[in-house]
Amino acid sequence: MSKLWTSAAEALQDVLHDGMTLAVGGFGLSGVPVDLVDVVRDSGVKNLTIVSNNMGVDGRGLGVLIEAGQVAKVVASYVGENKLFAAQFLSGKLEVEFNPQGTLAERLRAGGAGIPAFYTRTGVGTPVAEGKPHAEFDGETYLQERAIVADVSLVRAHLSDTDGNLVYRWTARNFNPVVATAGRTTIAEVERVVEVGEIDPDHIVTPGVYVQRVVRAGDRPKDIEQRTVRPRPTAAAAAK
């Protein structure tokens, strides 16, 4: 049975509710499921806990949910590009749980693998470790981190078949695969959809068993978080 839905709005219409935990893929503004995020904004759901590597920038990516006042808590590893996020955090309006980037990825992976908790040396002796159980292994101190399981995971992929087997491109592969496995319901926004059997099994990154719904991504420009350019040399300068 095909997992392809006609639109992002239809795919999300019965899974959004106030107070839910939403895990979202992407890295900066790369690989963010922007169509699905826009539907979340338009739905008006509030008091959301967002789990993501970062919160986008002002007015783009997950930044639109911050602007709409829909987010109560953020679990992330980097938030430095969003001024409104910083203002809400410093004013006490927004609760923030910072995670080392590798720890966040492993918490999501563990959630998808059915592992309730794990131990890591990362963060020992820092504010990250406050209030968390510690244990000693082979003479070293480790702290316990709990797995993350989201009510809904939203991801973006380059390619999917109608069974939800996903293939990612470039930077979009950073957090999308672990986010995809960590959701009780996972919805994938994809650039291209093919029939079952058209994707080489060796190329599949996220097996369709983790994905419940697939929607085609809209045709819109891909945002660039920071554009770095250098002057083009003039013909006269190049000839010297």
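Val 24, Gly 25, Gly 26, Gly 28, Leu 29, Val 32, Ser 52, Asn 54, Met 55, Gly 56, Gly 61 and Leu 62 line the largest cavity. This is a predicted model, where local features need pLDDT of at least 70, side-chain atom pairs count only at pLDDT 80 or more, and totals for chains, interfaces and linings use all residues. Residues are numbered from 1 along each chain as its sequence is written, and side-chain values use heavy atoms, with hydrogens and water left out.

A cavity here is a set of points, on a 1 Å grid over the protein atoms alone, where a 1.4 Å probe fits but cannot get out; lining residues have an atom within 4 Å of a point. The whole structure has 1 cavity of 30 Å³ or more, and the largest cavity comes to about 50 Å³. Volumes are the space filled by probe spheres set on the points, with grid points joined across faces, edges and corners. The lining of the largest cavity splits into 5 nonpolar, 7 polar and no charged residues.

## The open pocket

A pocket is an open set of points with protein on both sides within 12 Å along at least five of seven lines. The largest pocket has a volume of about 530 Å³. Of its 30 lining residues, Leu 29, Ser 30, Gly 31, Val 32 and Lys 222 are the closest to its centre.

Helix H2 (34-43) and strand E8 (150-161) each give at least two residues to this lining, and H2 gives the most, with 4. Helices (H or I, at least four residues) and strands (E, at least two) are DSSP runs, numbered from the N terminus. By class, the pocket lining has 12 nonpolar, 8 polar and 10 charged residues.

## The nonpolar core

H2 turns up again here. A nonpolar core is a set of buried Ala, Val, Leu, Ile, Met, Phe, Trp, Tyr and Cys residues joined through side-chain atoms within 4.5 Å, with buried meaning under 20% relative accessible area (1.4 Å probe, protein chains only). Among the 33 residues of the largest one, Leu 12 and Val 40 touch the most other members. The largest share of this core, 5 residues, comes from H2.

## A charge over a ring

Arg 169 lies over the face of Trp 170, 4.0 Å from the ring centre. The cut-offs are NZ of Lys or CZ of Arg within 6 Å of the ring centre and within 35 degrees of the ring normal.

Note on methods
Nonpolar A, V, L, I, M, F, W, Y, C, P; charged D, E, K, R; others polar. Buried < 20%, exposed > 50% of the residue type's maximum accessible area, 1.4 Å probe, protein only.
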